[in-house]
Amino acid sequence: MKAEPTARIPVCEPTLEGNELAYVTDALRSGWISSSGDYLRRFEERFAAFCGVRHGVGTTNGTTALHLALTAMGIGPGDEVIIPDFTMIASAFAVCYCGAMPVFVDAEPRTWNIDVEKVAAKITPRTKAIMAVHIYGHPTDMDPLLALARERGVKVLEDAAEAHGARYRGRPCGSLGDIAAFSFYANKAITTGEGGMVVTDDEELAEECRSLRNLSFPRGARTYLHDRIGFNYRMSNLQGALGLAQLERIDDLVGARRRHAAMYTERLRSLDALELPVQEPWATNSYWMYGIVIRENAPLDRDGLAAVLSADGIETRTFFQPMHVQPALRRYGADCSGTYPVADRLAARGLYLPSGSGLTDDQIERVCTAITRHLA
Ligand SMILES: *Cc1c(COP(=O)(O)O)cnc(C)c1O
């Protein structure tokens with residue numbers, strides 16, 4: 001279906017044009033609609049394989065995948081988990097669900113990921129894990145982070161909710177630390193509507209996640225005696241059916257985002273007023289969202305540009321607010337003192353452009369023409 005040239009350009013919409021309808025219908029007809037079934041099992045196996053690891057544990061969403069992974073790692077009250085200051089709120093909330101304390105590190109100005117050089121200063125005897133969030137699809141610089149973590153005896157979790165198909169030095173995101181969490185929310189690179197997955201190569205961690213996601217039911221005999229608190233974070237076979245169909249097309253879906261990003265960069269790079277997303281030589285950016293930063297010298301500020309683009313029928317979204325300004329985290333007791341100038345600047349000046357895999361070349365052209373007109 002071709003969009004009307006004057007229709008509103010959405011910031012992100014899922015594309016469900018493969019076997020989605022057929023697989024979901026088949027799952028419905030089979031009667032396997034809850035959390036066992038072949039589609040779910042195959043989706044878990046194949047998504048783990050896509051990430052280059054052995055185990056996948058489907059969950060209700062990306063936030064519960066993070067909580068499950070942290071709990072399986074043994075994170076609890078009294079522990080600290082280092083996270084980027086510039087991230088989506090779920091990264092921090094998952095740490096709070098464990099009763100642990102999130103500790104913030106400022107962003108690095110090129111990739112907008114956690115500034116690995118600033119991590120060591122935040123490690124204390126209570127630090128149990130570091131969460132690397134691959135912001136907007138650009139992988140975190142993992143080798144120095146992993147080396148530091150190993151030296152200090154700290155585990156590494158990837159929040160890969162924005163990084164399906166991204167790679168670090170050729171290795172897939174999701175395979176880089178001890179364990180990783182993905183989201184399949186409707187705007188992510190592949191979707192199950194709502195949904196998430198923990199992936200890991202560690203058999204024991206995977207077993208812990210399977211047990212915890214299923215209310216810690218005892219294995220074997222049906223004794224109904226639970227020796228610890230568990231959660232119902234089970235993904236359904238219907239979600240698995242949707243996910244499997246999306247996964248079949250993941251190379252095309254991520255490929256479309258990468259191609260759109262190349263078009264944006266080509267058309268916008270001559271504008272002095274903008275900083276564009278990068279792809280470091282060691283990275284394959286999956287460009288989940290194409291973010292731009294509006295420089296101090298621009299004729300319009302970020303909110304001004306968003307307003308005129310909206311009047312042109314172009315949807316955009318502002319970047320996240322950093323963790324250190326979140327009232328909920330301050331109330332929880334997180335240390336929100338200190339300065340985070342890079343995260344503050346991104347929050348004030350960052351805007352992401354229409355980025356869905358279903359965009360047409362004409363729509364991207366329209367966005368670039370409008371931005372050029374407003375910023376020239
Ligand atoms: C989307 C997202 C999540 C949360 O995923 P949900 O499925 O919406 O719960 C967590 N972390 C990051 C970085 C995200 O972008």
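1. Arg 219 is exposed, with a relative accessible area of 69%, where exposed stands for over 50%, buried for under 20% and partly exposed for what lies in between (1.4 Å probe, protein chains only). Its partner in a salt bridge is Glu 207, at 3.7 Å from N to O; the term covers a side-chain nitrogen of Lys or Arg within 4 Å of a carboxyl oxygen of Asp or Glu. Because Glu 207 lies in helix H6 (residues 203-213) and Arg 219 in the loop between H6 and helix H7 (237-248), the pair ties together parts that are 12 residues apart in sequence; helices (H or I, at least four residues) and strands (E, at least two) are DSSP runs, numbered from the N terminus.

2. The model is predicted, so that local features need pLDDT of at least 70 and side-chain atom pairs count only at pLDDT 80 or more, while totals for chains, interfaces and linings use all residues. Residues are numbered from 1 along each chain as its sequence is written, and side-chain values use heavy atoms, with hydrogens and water left out.

3. A salt bridge also links the side chains of Arg 267 and Glu 365, at 2.7 Å from N to O. Arg 267 belongs to helix H8 (residues 250-268) and Glu 365 to helix H12 (residues 361-375), so this pair ties together parts that are 98 residues apart in sequence. Arg 267 is partly exposed at 29% relative accessible area, and Glu 365 is partly exposed at 36%.

4. Arg 345 and Glu 296 meet through their side chains in a salt bridge of 2.9 Å, N to O. Salt bridges that share partners join Glu 275, Arg 295, Glu 296, Arg 345 and Arg 349 into one network.
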